[in-house]
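Please look at the sequence and the structure before reading on.

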Amino acid sequence: MHWLGEANASGHEPAYGDDRWTQRSTDMLRQLFDIECDVYYVFNGTAANSLALASLCQSYHSVICSPVAHIETDECGGPEFFSNGSKLLVGENQSPAAQLGKLTPEAIHTLVTKRSDIHYPRPQVVSITQATEMGTVYSLDEVRAISWMAQKHNLRVHMDGARFANAVAHLGCSPADITWRAGVDVLCFGGTKNGLPVGEAVVFFDRKLSEDFAWRVKQAGQLASKMRFISAPWVGLLENDVWLHNARHANAMAQKLYTGMLSIAGVTTLHPPQANGVFAQLPPEAVAALQAKGWKFYQFIAGGGCRFMCAWDTAPESVEALLADMRAVMAG
């Protein structure tokens, strides 16, 4: 909010990203990733993922992803729409890794080699979500293995990083190590789930892939004329590692919630959280009772399990309040 105010008070600026704030924040992202990358800001994550994938695909191509990938389940056909029809091919959902929301090199190989005839949409991109939709995190070795398999089959690697900060906080690695150094070509770096009012960054580590991307952004209605109001808050997020501090806090709140759930009879946690989400199975009547108390959470992601997300500003008192209501509901 401070930097939004600074941008507002800085007088007239050139439009469409030619302002000092966009230059400053993009330079900070290049420094963060230790590479001369191309950076574009869009309004939201659906646009970031859809436009990034569209830039990597022709309409007759396909994108390989996990069955629970956000691009598959939650973007209303956006990737297919903006790519003029590129098909999403989902991997298997039975392996231990798949149960944790992850795509595996083996699943990629199976889909690529399944068919090679002209009637099959030609695989072109592998898309992984970091952290995953199940609150788990790909390790450095897992990302490297996926990238190796992708390169073996001449595929590009896209990373949906809506909660990228939470993954880096968990891994304790540099952002460069888990992205371009591990073989990732383009990252959609989430800002709104880490404290920003609006705006995601699409980061092309392979700059050749961003050719004409600015026109794609404009055509999709994602080019902000007053770009400084999107880019200036990124300055505040990136300086002094605020982005990492926020993510560490959200992750810690999820661990606190998870630990508390373990002591509540009748609540079954699906797996330990690695990012900022906790997944649990509760009886239907307990779910209804918690929602009647005003708690809001999704149930359509973990096979009917409840997803409890902790935010960058979740307070310990909020976690304690949820646990107290959960204990009371389960005891009743």
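## The model

The structure is a predicted model, in which local features need pLDDT of at least 70 and side-chain atom pairs count only at pLDDT 80 or more, while totals for chains, interfaces and linings use all residues. Residues are numbered from 1 along each chain as its sequence is written, and side-chain values use heavy atoms, with hydrogens and water left out.

## The largest pocket

A pocket is an open set of points on a 1 Å grid over the protein atoms alone, with protein on both sides within 12 Å along at least five of seven lines; lining residues have an atom within 4 Å of a point. Grid points are joined across faces, edges and corners, and a volume is the space filled by probe spheres set on the points. The largest pocket holds about 490 Å³.

Its lining consists of 27 residues, and H70, D74, A162, R163 and K193 lie nearest the centre. Two or more lining residues come from each of α3 (45-56), α4 (70-73), β5 (156-161) and β10 (298-302). Here helices (H or I, at least four residues) and strands (E, at least two) are DSSP runs, numbered from the N terminus. Helix α3 gives the largest share, four residues. The lining of this pocket has nine nonpolar, 10 polar and eight charged residues. In this count Ala, Val, Leu, Ile, Met, Phe, Trp, Tyr, Cys and Pro are nonpolar, Asp, Glu, Lys and Arg are charged, and the others, Gly among them, are polar.

## The cavity

A cavity is a set of grid points where a 1.4 Å probe fits but cannot get out. How many cavities of 30 Å³ or more are there? The count is one. The largest cavity has a volume of about 60 Å³.

Residues that line the largest cavity include A131, E133, R163, N276 and M309. Strands β9 (277-281) and β11 (305-309) are the elements that give two or more residues to this lining. By class, the lining of the largest cavity has five nonpolar, four polar and three charged residues.

## The nonpolar cores

A nonpolar core is a set of buried Ala, Val, Leu, Ile, Met, Phe, Trp, Tyr and Cys residues joined through side-chain atoms within 4.5 Å. Buried means under 20% relative accessible area, exposed over 50%, and partly exposed in between (1.4 Å probe, protein chains only). The largest core has 53 residues, and L29, I64, I108, V126, F189 and W234 touch the most other members. Helix α11 (residues 228-238) supplies the largest share of this core, six residues. A second, separate core of 23 residues includes A280, A286, C306 and M326.

Contact means heavy atoms within 4.5 Å. Leaving aside neighbours within four places in sequence, V126 is in contact with residues including I64, L103, I108 and H158.

I230 is found in helix α11 and counts as buried, at 4% relative accessibility. Not counting residues up to four places away in sequence, I230 touches Y41, F43, V198, G199 and A224. I230 and V319 are 89 residues apart in sequence and 31 Å apart in space, C-alpha to C-alpha.

T26 lies in helix α2 (residues 20-33) and is buried, with a relative accessible area of 6%. Not counting residues up to four places away in sequence, T26 touches V39 and Y41. N246, in helix α12 (residues 242-262), is buried with a relative accessible area of 10%. Leaving aside neighbours within four places in sequence, N246 is in contact with N194, L237 and W312.
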